[in-house]
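Please look over the sequence and the model shown here, and then read the short report on selected local features that follows.

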Amino acid sequence: MMIAQATASASLAGLDWLVIAAYFGLLLGVAWWVIRKGKETADDYFLAGRNLSWWVVGASIFASNVGSEHVVGLAGSGAADGVAMAHYELHAWCLLVLGWVFVPFYSRAMVFTMPEFLERRFSPASRYVLSVVSIVSFIVSKIAVGVFAGGVVFATLLPEVRLDLGGVVIDSFWIGSILVIVLTGLYTALGGMRAVAYNDAVQTVILILGSGALTLYGLYVLGGWGELRRLCGSDMFNLWRPLIPAGVEGTWAPVLEKNAAGEVVRQAWYFNGDYPWLGMLFCAPIIGLWYWCTDQYIVQRALGAPDERTARRGSIFAGFLKLFPVYLFIIPGMIGYALAKSGKVPGLEGMVDAAGRPVPHEAQAVFPMLVKHLLPTGLRGLVVAGLLSALMSSLAGVFNACSTLFTVDLYQKWRPEATQARIVRVGRLATAAVVLVALAWLPVIQGAHGLYDYLQAVQGYLAPPVFVVFFMGVAFKRLNGPGCFWAMAVGFALGAFRMAVDTPVTLGMKGYEHGYAPGTFLWIVNNIYFQYFSVLIAIVSAAVLVVVSRLTAAPDYRRIQGLTFATATAEDRARTRGSWDRIDVVASAVVLACILFAYVYFRG
């Protein structure tokens, strides 16, 4: 009876709205409490006074990461492709690299931003390049995707909402996008990093409880884990995808991609796979290590810790939490596909075609569709509250990171005499400006194949040069400023070129609906799988870094003391060794064991 009622009730009921109102009341209360405690200083506004506890650091890292692209995009990927994207979630080990390898360097440097660290290690020119590119990448990926995901949620849960402005009708997609931006931007601009971090801690608990309830309830309605495996098939439970996807014929020449009926659906290149094992093995770690160890959006939370021990334990805790999305979002996406295929839940039929295969566009909204058509009243409201708060926490984190980059790395350089109050005020204005620019990218995201696909592709083009200069920079003291600058310049130019080639096809612009002319140079570039192109960018960037550094003067090793393994002093090493104990080692081992179990289990 409960299942029938949940299925029949397509709209949010009064109890759902009451739960949502109570939850957001809690968030506003936390935000108000934090704002009253804050001070008008850059240290407090951008890094919460460097006084965050380890559990707040870990929860904030998790909540900021697990936002729009996960709740909506990752579940959609699970419905369309199975567990293939779990590789990115199992990169929880990258957070251990952050805690054990990079936290000591960041703690010694006492920096506000990642570009500031790059300046200390290499040169001011490197700082400016990374600052500008980071802000641009936030706009074209994280912010725009977050805004779009908020629109998808509202369009799915409240499709009947319309706003008529003199004949111009604004649907729930745009209303939801605007609301998510305004509400998130408001408490981020007012409270800064402290408001973001403490709200993230609250949101983490609700998100895990709500999404976990959805997973368990979905399995109950479906008939259990065995029924999920039967309906999805072994391919969807296989982490390691073949180099050449099913339905593709040919080897090194241009090939044809065909459907089940043998009809050509599009011409493809041999290197255009479906998350193949080779790309996941070599490219995915590049994106993962860049994101978790060097991206301002994530590392800013660790910078808010008072010391190495707190930052490391926060990173380890975040690594443990990072294991949950496989079961909170990918598995529910697969459950949604299985329920649609079985016909047990009316309202999900549109997710599969006549042959029982997932429809990518419909699968993209699987998470809010499950919430809408599957869950009973009350529980639905709790999950919706966690869903919307997750979208907001992700946006809040990137808004704060963007304003920090602009204010600390650019404005403060231009106006070194600016007062603390003026710096905070500029940070708030920067948040508002970035939000407005992000709206312009919505049409690009709407045209993408899938939310998570789009995000991974953009990150795959922009991450490699940053990954190269940070990891090689702390490993080899001989690498210098000119090498870093040209490695990033060449790497980013390659990434921008690929994005420029992809955009007309992604948007379906006139003349590019079916891509470029087969066999042409641009056609080959557009069809090389993004993961392989990402590896190419990394190789080229590393080569440029080494060659230019060798052709120019060595850096002043005294200036970079403590910023590389070779220049760390005995006192530096002793301080780091004293900051960890058996608890940190055991906790890290547990995270690694959980990752290994997942890799062994999800083999098809």
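## Surroundings of threonine 407

Leaving aside its neighbours within four places in sequence, with which residues is threonine 407 in contact? Taking contact as heavy atoms within 4.5 Å, threonine 407 touches Phe46, Gln412, Ile423, Val426, Gly427 and Ala430. Threonine 407 belongs to helix H19 (residues 379-414), where helices are DSSP runs of H or I with at least four residues, numbered from the N terminus. Its relative accessibility is 0%, so threonine 407 counts as buried, a term that means under 20% relative accessible area, with exposed over 50% and partly exposed in between (1.4 Å probe, protein chains only). The C-alpha atoms of threonine 407 and isoleucine 423, which are 16 residues apart along the chain, are separated by 6.7 Å.

## Basis of the values

This is a predicted model, in which local features need pLDDT of at least 70 and side-chain atom pairs count only at pLDDT 80 or more, while totals for chains, interfaces and linings use all residues. Residues are numbered from 1 along each chain as its sequence is written, and side-chain values use heavy atoms, with hydrogens and water left out.

## Helix H15

H15 is mostly covered, with 10 of its 14 residues buried, among them Glu308, Arg312 and Leu321. At the start of H15, a side-chain oxygen of aspartate 307 comes to within 3.3 Å of the backbone nitrogen of arginine 309.

Terms used: Helix = DSSP H or I, 4+ residues; strand = E, 2+ residues; numbered from the N terminus. Polar contact = N/O pair within 3.5 Å; in protein donor to acceptor, adjacent residues only side chain to side chain.
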